[in-house]
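Visitor: I would like to learn how to read a model of two chains. Where do we start?

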Amino acid sequence: MPIWEKRRSALILAGLVVFHILLISIQIPRGAEKSLFEKSLFFLFSPVQRAVTGVVRGVGSLWTNYFDLRGVRGENQKLKKENFFLNQDLRFLEDRLQLFRSEAQVRERLAAFQGTIVPARVIGVDSANPYQTIVLDKGSFDGVGKDMAVCDRLGNLVGRTIEPVSFKETMVQLITDKDSSVSVVSSVDGLTGSVTGNSGAICELRYVLASSTGGQPGEELLTTGYDKIYPAGLRVGSIRSLEKDESSPIFRRIAVEPYFRFNTIDIVAVITKAGSGAR
Amino acid sequence: MRETAMKDVLRAFVATLIAVLVYSLAGAAGPALLIVLNAFSVVVLYFSVRRGEIFGAFLGTACGLVQDAFSLGVFGVSGLTKTLLGFWAGFVSRRIDVAPLFRNGLFMLAMSVLEMVLWVLVTAVVRRESLNFHGGLILLQPLVTAVLGSSLFAVERRLRARGSRGA
């Protein structure tokens, strides 16, 4: 009997294990672009995710509309949508007013923002750790691309778009992800640093020198715009605690509580760079 | 025989799609639910026990890679752990009787724990960072997987019994 017949299971397992080890090893060190195979899987399954989420939401909405609130619900949704855009506009207005003294500059900047917000629905959450990524129902056809800031309905920073970006779906790296980094400044004492996730509910403010003074629990952190991904002035979170870092005498250990909540990110706003977003 | 195998391949494909959808719908329920629930492991365990180690290994590869495609981690880590999970589950269930409910639950738990240990080890080696256990919540994942997996078999047995009584 040939060895293939005798050891068929073991040989198949060995082949699959070698395939995975090769797959993993070509991605190390991390930071490389996503492979074509990984992108293809995302392209293949994300429309299914989108379709069924749409059907489930549609059936739920039909049920509620017909048996429950009917007209009131429609009005409520309209008001919610208006409120969503008003909140976004208000936030950007405040931010821009702080940053630009000249009235002409403020007008110019706001005109640019009007057309750069693309509202999107969340259709999926990371399958390994919910604090890493989410999937949106808007893609390259809607003007969404890589490295665009994503905010919740209150204007709080949620994360940034990353690859894969398909025609109608996009993956978003949350600010709570371990590999995420956002350049921020504290609103009162002006502490500057980088908010990095921990793949959990709490983030860290890194690279704040131990010799620096100021900073209090509850102090708000805003984006600086230095990273060229997130526009300046977006609300990120607040300082939760400040401690001396025993392991690193150079920097302070600062815990940050992000503002966005999972129950408020059913609808988000993608801030496109080109200003071609539909409203 | 061939027809049954094809049916199981189709069923496994549908089950994988359902697992993808779980992550769409359960997201609204909050992150805690998604930490304790691994729908792909349930699918792999269920079909590996039904069809054996080779089917389990291939299904584990497919489910794991789909899970990796919807996650930011290193592509292939879940693929590797689920391939081994499918193989082990299929291999062991062919040699010992895992049909009784309690034994089935225990078997699923042991397999899920093994998968988690392997996932922790591989992730630690690949990422070279400490893992976030979400305050220990993630340790409940094998238990939830075992309960869901053995519940599926219990439901299947009950339906079969009802079907044979009706015939």
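Guide: Start with the secondary structure. This is a predicted model. Chain B has seven helices and zero strands. Read from the N terminus, its elements go α-α-α-α-α-α-α.

Visitor: How do I read its contacts along the sequence?

Guide: Look at the separation of the partners. Take contacts in chain B between residues at least 6 apart in sequence: 70% of these join residues at least 24 apart.

Visitor: Where in chain B is confidence lowest, and where highest?

Guide: Where pLDDT is low, the predicted coordinates should not be read in detail. Chain B averages 86, and 93% of its residues score at least 70. Helix α2 (residues 31–36) of chain B is lowest, with a mean of 78. Helix α5 (residues 77–95) of chain B is highest, at 93. For the complex, the predictor gives an ipTM of 0.84 and a pTM of 0.69.

Visitor: How many residues of each chain are in contact with the other?

Guide: The size of an interface is often given as the accessible area lost when the parts come together. Here we count residues instead. In chain A, 40 residues are in contact with 36 residues of chain B. On the chain A side, α2 (8–25), α3 (36–67) and β1 (117–125) each supply at least two residues. α3(A) gives the most, with nine.

Methods. Residues numbered from 1 in each chain as written. Chains lettered and ligands numbered in written order. Predicted model: local features only at pLDDT ≥ 70, side-chain atom pairs only at ≥ 80, totals over all residues. Contact = placed C-beta atoms within 7 Å. Helix = DSSP H or I, 4+ residues; strand = E, 2+ residues; numbered from the N terminus. pLDDT = per-residue confidence, 0-100.
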